[in-house]
Amino acid sequence: MPSETIQNPGREAVRQFSIFADNKVGRLNDIIMMLASHDIHIMSVTSVDTTDNVIIRIIVDYWDQANAFFHEQGFAFSLNEVVVAEINTEKDLKRVTCALVQAEINIHYAYPMLTRPGGKSGLVMRLEDNDLAAEVLTQSGIRVLCHTDIAR
């Protein structure tokens with residue numbers, strides 16, 4: 001039987017939900033209120049709208065609870081791993097983007113964390129190669145956060 005290699009043992013990746021919903025007044029509020037009523041805390045949120053639909057990207061403190069909730073409620077969504085770089089000051093943002101461009105890693109999109117234990121910021125990024133990006137950022141002295149770093 002072949003053995004499996006566990007990458008970054010004990011460092012569970014940060015997962016992002018992309019929820020596909022109708023673009024109507026109050027939809028984001030509805031989702032935020034439903035999650036809050038189930039004691040699921042939003043750590044980061046962004047949305048992209050089109051004429052009829054919206055993609056709401058959310059990172060929560062415990063993704064498995066939110067995953068079960070979204071399934072139960074019949075939401076259309078996808079779940080993806082993202083890279084979250086810890087940002088202490090504005091200078092760290094330049095360090096992150098420079099490290100990634102030097103490694104020729106494309107950033108598909110990025111948005112900030114709302115809150116994080118310790119009061120530091122985080123930059124959520126959807127990248128073309130998460131593993132390589134995490135390695136490059138770490139080698140550049142930038143802390144890459146895992147799920148336990150953002151959980152409450």
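This is a predicted model: local features need pLDDT of at least 70, side-chain atom pairs count only at pLDDT 80 or more; totals for chains, interfaces and linings use all residues.
Mentor: Residues are numbered from 1 along each chain as its sequence is written, and side-chain values use heavy atoms, with hydrogens and water left out.

Trainee: Thanks! What makes Ile87 count as buried?

Mentor: Buried means under 20% relative accessible area, exposed means over 50%, and partly exposed is in between (1.4 Å probe, protein chains only). Ile87 has 13% relative accessibility, so Ile87 counts as buried. Ile87 is found in strand E4, residues 76-87; helices (H or I, at least four residues) and strands (E, at least two) are DSSP runs, numbered from the N terminus.

Trainee: Which residues is Ile87 in contact with, leaving aside its neighbours within four places in sequence?

Mentor: Contact means heavy atoms within 4.5 Å. With those neighbours left aside, Ile87 touches Asp92, Leu93, Val96, Lys120, Ser121, Gly122 and Leu123.

Trainee: Why is the pair Arg15 and Glu81 called a salt bridge?

Mentor: A salt bridge is a side-chain nitrogen of Lys or Arg within 4 Å of a carboxyl oxygen of Asp or Glu. For Arg15 and Glu81, the closest N and O atoms are 3.8 Å apart, and the pair forms a salt bridge. Arg15 lies in strand E1 and Glu81 in strand E4, so this pair ties together parts that are 66 residues apart in sequence. By this rule, the count comes to seven salt bridges.

Trainee: Are Arg15 and Glu81 buried or partly exposed?

Mentor: One of each! Arg15 has 19% relative accessibility, so Arg15 counts as buried. Glu81 has 38%, so Glu81 counts as partly exposed.

Trainee: What makes Glu86 and Lys120 a salt bridge?

Mentor: Their closest N and O atoms are 3.9 Å apart, and the pair forms a salt bridge. Glu86 is in strand E4 and Lys120 is in the loop between strand E5 (107-112) and strand E6 (121-127), so the pair links distant parts of the chain, 34 residues apart. Glu86, at 7% relative accessibility, counts as buried, whereas Lys120, at 38%, counts as partly exposed. Glu86 and Lys120 also belong to a network of salt bridges with Arg143 and Asp149.

Trainee: What separates Arg27 and Asp30 in helix H1?

Mentor: Arg27 and Asp30 are three residues apart in helix H1, so about one helical turn separates them. Their closest N and O atoms are 3.9 Å apart, and they form a salt bridge. Asp30, at 32% relative accessibility, counts as partly exposed.

Trainee: How do you know that the buried residues of H1 are on the same side?

Mentor: The buried residues of H1 are Arg27, Ile31 and Leu35. They cover an arc of only 70 degrees around the axis (the arc is that of the directions from the helix axis to the C-beta atoms), which puts them on the same side of H1. On the other side of H1, Met33 and Ser37 are exposed. The buried residues of H1 pack against E1, E2, E3 and H2.

Trainee: How do you know that the buried residues of H2 line one face of the helix?

Mentor: In helix H2 (residues 63-73), the buried residues are Trp63, Ala66, Asn67, Phe69 and Phe70. Seen down the axis of H2, they fall within an arc of 165 degrees, so they line one face of the helix. The face turned away from that buried side carries the exposed residues His71 and Glu72. After H2 comes Gly74, with a positive phi near 75 degrees.

Trainee: How many bridges join E2 to E3?

Mentor: Two strands pair if DSSP finds at least two bridges between them. Seven bridges join strand E2 (residues 42-49) to E3, and these strands run antiparallel. E2 and E3 form a hairpin with three residues between them, and Val45 stands opposite Ile58 in E3.

Trainee: Why does Ile32 count as partly exposed?

Mentor: Ile32 has 31% relative accessibility, so Ile32 counts as partly exposed. The place of Ile32 is in helix H1.
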